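Q: Could you take me on a close look at one helix and its surroundings? I'd like the whole picture in one go.

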Amino acid sequence: MGNKPFVDNGMQWLVLVYVLAFGILMLLTNHGDFVLWLNDKHTSFGDFFFKYWTHLGDGVLLAIVALYFLFTNLYRFYYMLIAIALQTVFVHIFKQWLFDGEPRPKTFFADQVDSLNFVEGVTTRGFDSFPSGHTASAFTLAFVLISLCKNKALNVCLFVAAVLVGISRVYILQHFLRDIYIGSVFGVLAALIAWYIIKPYADRPKLQSGLSFRPPQKS
């Protein structure tokens with residue numbers, strides 16, 4: 001891999017803009033304002049789109065990609081595995097230990113719950129809001145793939161896809177803006193740390209292929 005950076009300059013600037021824009025938005029608004037604003041923008045298309053798009057962050061896609069790497073490229077598999085492990089630890093520490101029981105929008109806005117727009121078919125939870133595990137998973141997957149992919153257009157699409165997973169969590173009343181913001185940061189950090197851990201092994205020939213179940217040939 002040589003001196004190849006984690007992501008190219010264009011993606012670095014895109015991430016910087018994202019971090020600053022959402023960070024400033026959080027500073028200028030009260031907790032829950034973004035939820036109410038987005039909830040007021042509900043449409044039939046939005047309900048349909050975000051209801052299903054949010055599943056891109058539920059971990060299944062991470063497992064599918066990891067399984068694909070297991071049989072095609074062990075270096076990428078271990079890279080993905082480390083990133084998933086780190087992201088899981090980050091989210092678990094905050095969600096289950098430091099912010100255990102943190103109210104989600106349905107509970108936080110209990111006094112006005114009748115005026116909220118809920119997406120039909122989505123079961124909204126009441127607690128353990130911070131951070132968003134779905135968003136963390138989506139950004140972990142996106143940035144593992146972005147760091148491996150040379151196609152800039154595809155990388156932008158991967159980034160936008162991850163951002164939309166985060167927005168979907170707010171749209172369907174599962175999380176607040178800060179939840180998806182920190183979740184996205186955890187996802188990027190997990191991929192970045194994993195990249196640095198696995199990088200020294202990038203040129204090992206044994207890691208450039210996947211598992212093989214072919215029986216050993218007789219001499």
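A: Helices here are DSSP runs of at least four residues, numbered from the N terminus. This is a predicted model, and the helix to zoom in on is H8, residues 152-171. H8 has 20 residues and reaches 28 Å from its first C-alpha to its last, close to the 28 Å expected at 1.5 Å a residue.

Let's begin at its start: there, a side-chain oxygen of Asn151 comes within 3.1 Å of the backbone nitrogen of Ala153. Further along sits Cys157, which counts as partly exposed because its relative accessibility is 48%. The structure holds zero disulfides. The sulfur of Cys149 has its closest cysteine sulfur in Cys157, but the two are 10.0 Å apart, too far for a bond, since a disulfide needs the sulfurs within 2.5 Å.

Now for what's tucked away. The buried residues of H8 include Asn155, Phe159, Ala162 and Val163, and also Val165, Gly166, Ile167, Ser168, Arg169, Val170 and Tyr171. Among the elements covering the buried residues of H8 are helix H1 (9-28), helix H2 (33-39) and helix H3 (44-53), along with helix H7 (133-148) and helix H9 (177-198).

Just after H8 comes Leu173, with a positive phi of about 65°, and this in a residue other than glycine. Leu173 lies in the loop between H8 and H9, and it counts as buried because its relative accessibility is 0%.

Terms used
Residues numbered from 1 in each chain as written. Predicted model: local features only at pLDDT ≥ 70, side-chain atom pairs only at ≥ 80, totals over all residues. Heavy atoms only, no water. Buried < 20%, exposed > 50% of the residue type's maximum accessible area, 1.4 Å probe, protein only. Helix = DSSP H or I, 4+ residues; strand = E, 2+ residues; numbered from the N terminus. Expected span 1.5 Å × (residues − 1). Contact = heavy atoms within 4.5 Å. Polar contact = N/O pair within 3.5 Å; in protein donor to acceptor, adjacent residues only side chain to side chain.
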